[in-house]
Amino acid sequence: MKESIKLTVRLFLITAIAGFVLAFANSFTSPVIKEREKTQYEAALKEVFADADKFETLDEAKLEAIKTKIKNIEKIEVAKKSDKTVGYVFKTLGKNCYGGDISMLMAVNTENQTIVGFKVLKHSETPGLGSRVTTEEYA
């Protein structure tokens with residue numbers, strides 16, 4: 001009995017120390033990761049809608065009104081060229097996919113109402129099968 005209490009206390013101390021070390025490391029890496037994700041997102045926006053000079057996030061109230069009708073939309077960016085709206089980029093989330101959710105961007109040109117770009121941002125599909133959605137033949 002005395003031995004099991006010693007083992008329990010040791011195990012608790014080891015896991016507590018490991019938890020503190022992980023939390024400490026996370027406090028340094030979290031801002032770096034968020035900045036990298038932001039940079040990658042901005043590059044993906046430019047990739048799917050190359051004609052745009054800048055992107056502005058759609059007003060939250062308008063986004064919420066759209067989300068009531070189309071639940072898979074997470075974010076909408078207004079694509080602008082010389083301060084004129086030339087299209088929209090929709091960040092969507094495909095739910096209940098085989099390997100998990102699929103996050104993607106789809107760009108639509110307002111002039112002729114066509115899809116001008118598409119990019120899968122994140123997926124966890126089966127390598128070699130479902131992951132082919134990121135290849136050029138599906139873009």
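How many helices and strands make up the secondary structure of the protein? In this predicted model, the secondary structure comes to two helices and five strands, and along the sequence these elements follow the pattern α-β-α-β-β-β-β. Buried residues account for 22% of the 139 residues in the protein, and the exposed surface comes to about 10,200 Å², of which carbon and sulfur atoms supply 60%. Among contacts between residues at least 6 apart in sequence, 32% join residues at least 24 apart.

## Helix α1

Helix α1, spanning residues 2-48, has 47 residues and reaches 64 Å from its first C-alpha to its last, which is close to the 69 Å expected at 1.5 Å a residue. The helix bends by about 35° at Thr-29, and a proline, Pro-31, follows within four residues of that position. The buried residues of α1 are Tyr-41, Ala-44, Leu-45 and Val-48, and these buried residues pack against β1 (54-57), β2, β3, β4 and β5.

Nonpolar side chains in soluble globular proteins tend to be buried together. In this model the largest nonpolar core has 11 residues, namely Tyr-41, Ala-44, Leu-45, Val-48, Phe-49, Ala-52, Ala-79, Val-86, Val-89, Leu-105 and Ala-107. At least two residues of this core come from each of α1, β3 (84-94) and β4 (102-109), and α1 gives the most, with four residues. A second, separate core has six residues, including Leu-63, Ile-76, Val-78 and Phe-90.

Val-86, a member of the largest core, touches Phe-49, Ala-79, Lys-80, Lys-81, Val-108, Asn-109, Thr-110 and Glu-111 when residues up to four places away in sequence are not counted.

## Strands β2 and β3 and the loop between them

Lys-80 lies in strand β2, which runs over residues 73-81. Is this lysine buried or exposed? Its relative accessibility is 16%, so Lys-80 counts as buried, the cut-off being under 20%.

Ser-82 counts as exposed because its relative accessibility is 62%, and Asp-83 counts as exposed because its value is 59%.

Thr-92 lies in strand β3 and is buried, with a relative accessible area of 17%. Apart from neighbours within four places in sequence, Thr-92 is in contact with Asn-72, Ile-73, Glu-74, Ile-102, Ser-103 and Met-104.

The table collects the accessibility values for individual residues discussed in this report.

| Residue | Relative accessibility | Class |
|---|---|---|
| Lys-80 | 16% | buried |
| Ser-82 | 62% | exposed |
| Asp-83 | 59% | exposed |
| Thr-92 | 17% | buried |
| Val-108 | 21% | partly exposed |

Strand β4 pairs with strand β5 (residues 114-122) in the antiparallel sense over seven bridges, and the bridge partner of Ala-107 in β5 is Gly-117.

Val-108 has its place in strand β4. Setting aside neighbours within four places in sequence, Val-108 is in contact with Phe-49, Val-86, Gly-87, Tyr-88, Phe-90, Gln-113, Thr-114, Ile-115 and Val-116. Val-108 and Val-48 are 60 residues apart in sequence, and their C-alpha atoms are 9.2 Å apart in space; Val-48 is one of the buried residues of α1.

Definitions and conventions
Residues are numbered from 1 along each chain as its sequence is written. This is a predicted model: local features need pLDDT of at least 70, side-chain atom pairs count only at pLDDT 80 or more; totals for chains, interfaces and linings use all residues. Side-chain values use heavy atoms; hydrogens and water are left out. A nonpolar core is a set of buried Ala, Val, Leu, Ile, Met, Phe, Trp, Tyr and Cys residues joined through side-chain atoms within 4.5 Å. Buried means under 20% relative accessible area, exposed over 50%, partly exposed in between (1.4 Å probe, protein chains only). Contact means heavy atoms within 4.5 Å. Accessible areas come from the Shrake-Rupley method with a 1.4 Å probe; for residues, only the protein chains shown count as cover. Two strands pair if DSSP finds at least two bridges between them. The expected span of a helix is 1.5 Å times one less than its number of residues. The bend at a residue is the angle between axes fitted to the seven residues ending there and the seven starting there.
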